[in-house]
Amino acid sequence: MDRRESLKALAIGSLGAGTLLIGCDSDVKTEEKSAKDAKKAASLEGYGRTPEEKERDARLMEEQFFTEAEMATITVLSDIIIPADSRSGSASEAGVPAFIEFIVKDRPENQTPMRGGLRWLDIKSNKLFGKSFTEASEAQRIELVDMIAYPENAAPENQQGVAFFNQMRNLTATGFFSSKMGIEDMAYKGNTPNAWDGVPDDVLKQYGLAYDEKTLAECLKNEERGQIMTWDS
């Protein structure tokens, strides 16, 4: 199972699983779905939220928890965990940083562990390289991430970093594989409607059968799929 397959299993299954993976690409991605865009989407008819839920979503969207520096670190880390590949874009391109920003506002119990973990990462980076995590070179970032991405190999003094990276990895996998890009990456077909156009003509002919005009007119009109059925009077 490759890294992306493992993260897919992590996102679909238990978020507490200890799957251990690491990538190598870490370019900072700045294109994220803005809070205003998300708020606008939340206000659209048909979004599936109750008025109370829409109001709460809008309020959360207006708030900002992470600083710009923290969001930059989250972006780098999420792209280390899920970089772009031949199948799809990276975690940041799927909007994972914005997802994590929303999650910590929606679930405040995540705020202290995430902010503390980001702080730990910068302190560790400064001790090792004399610069913050985002200022470090790509090789230095990977060197640091390797210290905390594999719990069984991590040094005792890095356990806070291990806990933070586990949470970061879980949130990244959840955000990516619940996004449009991630669902397409999984080739998930569960909610994709299909169109059945009847028994193939060659099979009907094989058994000397054919649809009558009434069946063709009432049951095999794919152009009317999605319309609400009405009963014959």
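How many aromatic pairs does the structure hold? The structure holds two. The model is predicted, so local features need pLDDT of at least 70 and side-chain atom pairs count only at pLDDT 80 or more, while totals for chains, interfaces and linings use all residues. Residues are numbered from 1 along each chain as its sequence is written, and side-chain values use heavy atoms, with hydrogens and water left out.

Rings of Phe, Tyr and Trp (its six-membered ring) pair if their centres lie within 6.5 Å; planes under 30 degrees apart count as stacked, over 60 as edge-to-face and the rest as tilted. Phe 65 and Phe 66 form an edge-to-face pair, because their ring planes stand at 70°, with the centres 5.0 Å apart. Phe 176 and Phe 177 are also edge-to-face, at 4.9 Å centre to centre and 90° between the planes. Buried means under 20% relative accessible area, exposed over 50%, partly exposed in between (1.4 Å probe, protein chains only). Phe 65 is buried at 17%. Phe 66 is buried at 1%. Phe 176 is buried at 0%, and Phe 177 at 6%.

Helices (H or I, at least four residues) and strands (E, at least two) are DSSP runs, numbered from the N terminus. Helix α5 (residues 96-106) is largely enclosed by the rest of the structure, because eight of its eleven residues are buried. Among them are Ile 100, Glu 101, Phe 102 and Lys 105. The cover over the buried residues of α5 includes α3 (51-62), α4 (68-81), α6 and α8. Contact means heavy atoms within 4.5 Å.

Helices α6 (residues 111-129) and α8 (residues 159-177) pack at an angle of about 120°, with axes 9 Å apart. Axes are lines fitted to C-alpha atoms, for helices over the stretch in contact, and angles run from 0 to 180 degrees between N-to-C directions. The two helices are therefore oblique to each other. Angles under 35 degrees count as roughly parallel, over 145 as roughly antiparallel, 65 to 115 as roughly perpendicular and the rest as oblique. On the α6 side, the contact includes Pro 113, Trp 120 and Leu 121; on the α8 side, it includes Phe 164, Met 168 and Leu 171.

Leu 144 lies in helix α7 (residues 138-148). Leu 144 is buried, at 0% relative accessibility. Leaving aside residues up to four places away in sequence, Leu 144 touches Leu 121, Lys 124, Ser 125, Leu 128, Phe 129 and Phe 133. Leu 144 and Phe 133 are eleven residues apart in sequence and 8.6 Å apart in space, C-alpha to C-alpha.
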